[in-house]
Structure formats: structure tokens, C-alpha cells
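I opened this model to look up a few things and wrote them down in the order I checked them.

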Amino acid sequence: QETSYRVAATLLFEFLTSRDTYRFSTSHLGMHSATLLRFLRTFPLLLSPFCPHVAENLWHIANGRGNIPMEELSPQDSILNQRWPSLSGVDPSFLK
């Protein structure tokens with residue numbers, strides 16, 4: 001199967017658009033915190049093959065380590081050592 005960066009970039013933008021649509025549709029209630037956290041932790045993983053330095057910084061911010069200097073972080077904390085996101089069915093927190 002041929003890899004296409006154009007298709008991948010398009011899907012990343014669709015992911016962002018879905019987040020924006022969700023944000024606008026829940027503006028009167030506010031975004032569900034678990035949904036927002038899931039997005040903040042998934043987006044850097046999807047972005048990492050294309051922009052590894054930016055994705056690394058977003059990863060640390062999303063996981064509460066944004067204020068720790070990079071030199072003090074262990075290699076296990078790197079986004080490069082994280083698992084690719086997988087879909088294991090519908091997340092019940094999205095339905096609340």
C-alpha cells in the first residue's frame with residue numbers, strides 16, 4: 001500500500017476540524033474534559049511522523065510535563081517511545 005503524505009495531512013486536518021465542530025456544538029455546555037484530554041493526547045501521536053519536534057512538545061504539555069526542561073525528562077517520556085493510538089471500540093466517555 002502506497003503511503004501518501006497528502007492523504008495523511010488531509011486526515012490530520014479532518015481530525016482538527018472534528019475537534020472544532022465538537023467545540024462549537026458544545027459551546028453552551030463546555031467540552032467534556034475526558035474528550036478534550038483524549039484529543040490532546042492523541043493529536044501529538046498522529047502528528048509525530050511529520051513534525052516530531054512540535055509533537056514532542058505538545059505531548060509533554062498534554063501530559064502535564066510542559067514545564068519540565070527537556071534535559072530532565074527520561075527517554076521513556078518521549079513521544080517516540082509511545083504506542084500508536086488504536087481503536088478498541090466506542091469509548092463510553094464520548095457518549096456522556
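Predicted model: local features only at pLDDT ≥ 70, side-chain atom pairs only at ≥ 80, totals over all residues.

Which residues of α3 are buried? I found A55, E56, W59, H60 and A62 to be the buried residues of α3. I then checked how they sit around the helix. They cover an arc of only 165° around the axis, so they lie on the same side of α3. On the other side of α3, I noted H53 and I61 as exposed. I also looked up what the buried residues face, and they pack against α2.

Entry on H60. I placed H60 in helix α3, which covers residues 52-62. Is H60 buried or exposed? I read a relative accessibility of 4% for H60, and H60 counts as buried because the cut-off for buried is under 20%. I then looked for a polar partner. The side chain of H60 makes a polar contact with the side chain of E56, at 2.7 Å. E56 is itself listed among the buried residues of α3.

Entry on the end of α3. I looked at the backbone just after the helix, where G64 takes a positive phi of about 75°.

Entry on the nonpolar core. Which residues make up the largest nonpolar core? I listed 9 residues: L12, F39, F43, L45, L46, L47, A55, W59 and I79. I then sorted them by helix, and α2 (33-47) and α3 each supply at least two residues of this core. The element that gives the most is α2, with 5 residues. For background I noted that nonpolar side chains tend to be buried together in soluble globular proteins.

Entry on W59. What does W59 touch, leaving aside its neighbours within four places in sequence? I found contacts with R41, P44, L45, R65, D77, S78, I79 and Q82.

Entry on salt bridges. How many salt bridges does the structure hold? I counted 2. In one of them D20 pairs with R19, with the closest N and O atoms 2.7 Å apart. R23 also forms a salt bridge with D20, and there the closest N and O atoms are 3.5 Å apart. R23 and D20 both lie in helix α1 (residues 5-25), 3 residues apart, about one turn of the helix.

D20 has a relative accessible area of 21% and is partly exposed. R19 counts as partly exposed at 24%. R23 is partly exposed too, with a relative accessible area of 36%.

Entry on the whole chain. I counted 3 helices and 0 strands, and from the N terminus on the elements run α-α-α. The C-alpha trace spans about 40 × 40 × 25 Å along its principal axes. Of the 96 residues, 22% count as buried. The accessible surface comes to about 7,400 Å², and carbon and sulfur atoms account for 59% of that surface. Last, I looked up contact range: among contacts between residues at least 6 apart in sequence, 46% join residues at least 24 apart.

How values were computed: Residues numbered from 1 in each chain as written. Heavy atoms only, no water. Helix = DSSP H or I, 4+ residues; strand = E, 2+ residues; numbered from the N terminus. Buried < 20%, exposed > 50% of the residue type's maximum accessible area, 1.4 Å probe, protein only. Polar contact = N/O pair within 3.5 Å; in protein donor to acceptor, adjacent residues only side chain to side chain. Salt bridge = Lys/Arg side-chain N within 4 Å of Asp/Glu carboxyl O. Core = buried A, V, L, I, M, F, W, Y, C linked by side-chain atoms within 4.5 Å. Contact = heavy atoms within 4.5 Å. Areas by Shrake-Rupley, 256 points an atom, 1.4 Å probe, with all protein chains shown as cover. Arc of directions from axis to C-beta.
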